[in-house]
Amino acid sequence: MTSESLDIWAAAIERTRKACPGTFEQWFCSIQLDHIAPGRLELAARDEFVRDWVRDHYLSTLVGAIEGLAGGPTKISWRISSELDTPVCEPKSARPTQPPPPPHSREPSSSRPSIRPPSPAADRRGNELEAAPSSRGASTRLQAVRRTPPLKEVLNPKYTFEHFVVGPSNELAFAAAMSSAGGDGPRYNPLFICGGTGLGKTHLVHAIAHRFLDQRPDARVIYVSAEHFTNEFIEALKSGKMDDFRGRYRRQCDLLLLDDIQFLAGKDQTQEEFFHVFNALHEADRPIVVTSDTYPQKLQRMPERLVSRFTSGLVADVQVPRLETRVAIVRKKAELEGIPLSDEVAELLAQHVHSNVRELEGALIRLAAKSSLTGHGIDLKFASQELAAVAPRRQDQVSVQDIQRAVCNRFSLTNAELLSKDRHKSVAFARQVAMYLCRQRLRCSYPELGRSFGNRDHTTVMSAVRRVEALRQTDPQVNAHLEAIEQELASSSD
Ligand code: ADP
Ligand code: MG
């Protein structure tokens, strides 16, 4: 591993630690860097549970920072090993009841996790470690990791209602989540939150748990991914501990939050078990919140009786947020992370990343990481260069002319009409739509766009862009036009 790669790793780890201060050490003491090279990252995790958790909660931040610094996409591979020579950091504090730390962790400890490259031994070790009998100390630690960690540690402290930006794309899900957490509105049981990846479903269910526990600190709240539920169920079956499992889920649970139910597809036995858990809680009027990447009716290989239960309460979807909401999200994230960000850079980021809030965050983290490494402030020029360099987007292949052509097709105009001085309402509207799409997709400057649209003044372009953006939020017909044109552009650039 080159020292440059190791520097990138250290910077990315620092960024991740800062982004997740409450829980970083808990998880990263069970993760090890095996290898880092341009375009490649190899990690080891103490077990699958740790791997999945880190993958779901920290990897986008970590990899976003690495990609920002290294300047290209990174392929990640994992290995499972119960013995890690050089975990990323030490466990937070050695409590008296814990077994003595293994030899590798007896280095001077500091309040910050140490960020160490792996030892050559770790480099040489492969999967054979998985089969090797673990030492006593290691197996005790393994068990400590395997047990379900206390909820407050599992929940991301930043996933609260206060940190969630509400807009037209998620307001129903947000309001329903507040009610499930004990708010004033009607409580629907179950609440089924569905939508594409990276749109805030997990954030909302964590927020429900935080709020519920704030109000009832002794409440027995279970937050679990469907994958973890499945693993726990299988382990309980194997070890003859089904009574414990059932007691915990069916009787000792005041609020159940089950994330990513789509994972249960085709898992008949786990579905059956979950069905009974669901019925027991529902009959006892305990709130159940389920998330999914799709609507209940579209869940694959899910029995009808479960689907009909999911639809019996409220199904609330989260959609891709519109530009205004995306800008607000970027601002909020920057504020939370202490990243100085001007309004224009926030807007640029929000325009650049459309479909997924997780990617939007990744882009912000990349910028911040690059800025802290190079000492360059995050101004508009720096941000545009970085965004263009790191993720040359497919839509960049679309040109102003392509957009003008697509708009002309949609509104049955000729190109000459579109660029003319004709102020007839329908022509002017089509022109404004074309300007808006060019600005949004190509990030051209206003004066540049003015020139491409028959030498118009940049203020004309600015007001056109604002007008269409505002109409998009309020007028479904305008939105439908825009979506149809965007679809045409997407299919013609395939
Ligand atoms: P999902 O579970 O739908 O795949 P997550 O809840 O993990 O998505 O969200 C991905 C990231 O985007 C998280 O860091 C989350 O905080 C953030 N996020 C998504 N939507 C919003 C929002 N409306 N406001 C603030 N942050 C959001
Ligand atoms: Mg999720």
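The following exercises, with worked solutions, concern a predicted model.

**Exercise 1.** Determine which strands stand at the edges of the open five-stranded sheet.

*Solution.* Begin with the strand order, which is 5-6-7-4-8, with parallel pairing. Strand 5 (221-225) and strand 8 (314-318) each have a single partner strand, so one side of each lacks a neighbour in the sheet; these are the edge strands. From one strand to the next, the twist averages 15 degrees.

**Exercise 2.** Describe how strand 5 is joined to strand 6, and identify the helix that packs on the sheet.

*Solution.* Strand 5 and strand 6 (residues 255-259) run parallel and are joined by five bridges. Within this pairing, Tyr223 lies opposite Leu257 of strand 6. The helix packing on the sheet is helix 10 (residues 201-215), which touches strand 4 (191-195), strand 5, strand 6, strand 7 (288-292) and strand 8. The direction of helix 10 makes about 165 degrees with that of strand 6.

**Exercise 3.** State which residues of helix 12 (residues 242-251) are buried, and what covers them.

*Solution.* The buried residues include Met242, Phe245, Gly247 and Tyr249. The cover over the buried residues of helix 12 includes strand 5, helix 11 (226-238), strand 6 and helix 13 (268-283).

Definitions and conventions: Residues numbered from 1 in each chain as written. Chains lettered and ligands numbered in written order. Predicted model: local features only at pLDDT ≥ 70, side-chain atom pairs only at ≥ 80, totals over all residues. Heavy atoms only, no water. Pairing = 2+ DSSP bridges. Helix = DSSP H or I, 4+ residues; strand = E, 2+ residues; numbered from the N terminus. Axes fitted to C-alpha atoms, helices over the stretch in contact; angles between N-to-C directions. Contact = heavy atoms within 4.5 Å. Buried < 20%, exposed > 50% of the residue type's maximum accessible area, 1.4 Å probe, protein only.
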